[in-house]
Amino acid sequence: MQDNIAHITYDGRIIETLYTHLDATAHLCRKYGEKIGIGTICELTGFAHDLGKASQAFQKYIRACNGMLEESCMPANKDKSDHSTMGAQVVHR
């Protein structure tokens, strides 16, 4: 997961790894969740929210759309793959 990309700035200068993104989101969610007594579940939810970005389909999409691959990101990968439901599936299991 360390080498997977979560976000790239529009100018391509900053690449946020998936692990960095999930870890930062988890910490932020815990902080806000603790205010109402649900810090742990919020941390888990924050960490899981973008797990689907680790899929090969999403990694191919984000790299293609940012010029890191010679192929076009459209139209074959325009759906960005389903990166939003994997985290919920993992938590449910």
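Student: Okay, so is Y19 buried, exposed or partly exposed?
Tutor: Partly exposed, because its relative accessibility is 36%.

Student: And what does Y19 pair with?
Tutor: F47, in an aromatic pair. The geometry is edge-to-face, with 6.3 Å centre to centre and 70 degrees between the planes.

Student: Where do the two partners, Y19 and F47, sit in the chain?
Tutor: Y19 is in helix 1 and F47 is in helix 2, which covers residues 39-48. They are 28 residues apart, so the pair links distant parts of the chain.

Student: What about the accessibility of F47?
Tutor: F47 has a relative accessible area of 25%, so it counts as partly exposed.

Student: How many aromatic pairs does the structure hold?
Tutor: There are 2. Besides Y19 and F47, F58 and Y61 form a pair.

Student: Why is the F58 and Y61 pair called tilted?
Tutor: Because the planes are at 45 degrees. Planes under 30 degrees apart would be stacked, and over 60 would be edge-to-face. The ring centres of F58 and Y61 are 6.0 Å apart.

Student: Are F58 and Y61 buried or exposed?
Tutor: Both are buried. Helix 3 also buries Q59, I62 and A64.

Student: What covers the buried residues of helix 3?
Tutor: Strand 1 is included in the cover.

Student: What follows helix 3?
Tutor: G67, with a positive phi near 70 degrees.

Student: Let's switch to the strands. How do strand 1 and strand 2 run?
Tutor: Antiparallel. I8 has I15 as its bridge partner in strand 2.

Student: And what's in the turn?
Tutor: The two strands form a hairpin with 6 residues between them. G12 lies in the turn and has a positive phi of about 75 degrees. D11 is in that loop too.

Student: Is D11 buried or exposed?
Tutor: Exposed, because its relative accessibility is 53%. The C-alpha atoms of D11 and N66 are 9.3 Å apart, although the two residues are 55 apart along the chain.

Student: Where is N4, and what does N4 touch?
Tutor: N4 is in the segment before strand 1. Leaving out residues up to four places away in sequence, N4 touches E16, T17, L18, A54 and Q59. N4 counts as buried because its relative accessible area is 17%.

Student: Back to helix 2. Which residues are buried there?
Tutor: G39, C42, G46 and A48 are buried. Their cover includes helix 1 and helix 4.

Student: What lies over the face of Y32?
Tutor: K31, at 5.7 Å from the ring centre.

Student: Zoom out for me. What's the pattern along the sequence?
Tutor: β-β-α-α-α-α. That gives 4 helices and 2 strands. Buried residues make up 32% of the 93 residues.

Student: Last one. Where is confidence highest, and where is it lowest?
Tutor: Highest in helix 1, residues 18-34, at 97, and lowest in helix 4, residues 86-92, at a mean of 85. The protein averages a pLDDT of 86, and 88% of the residues score at least 70. As a rule, where pLDDT is low, the predicted coordinates should not be read in detail.

Definitions and conventions. Residues are numbered from 1 along each chain as its sequence is written. This is a predicted model: local features need pLDDT of at least 70, side-chain atom pairs count only at pLDDT 80 or more; totals for chains, interfaces and linings use all residues. Side-chain values use heavy atoms; hydrogens and water are left out. pLDDT is the predictor's confidence in each residue, from 0 to 100. Rings of Phe, Tyr and Trp (its six-membered ring) pair if their centres lie within 6.5 Å; planes under 30 degrees apart count as stacked, over 60 as edge-to-face and the rest as tilted. Buried means under 20% relative accessible area, exposed over 50%, partly exposed in between (1.4 Å probe, protein chains only). A charge sits over a ring if NZ of Lys or CZ of Arg is within 6 Å of the ring centre and within 35 degrees of the ring normal. Two strands pair if DSSP finds at least two bridges between them. Contact means heavy atoms within 4.5 Å.
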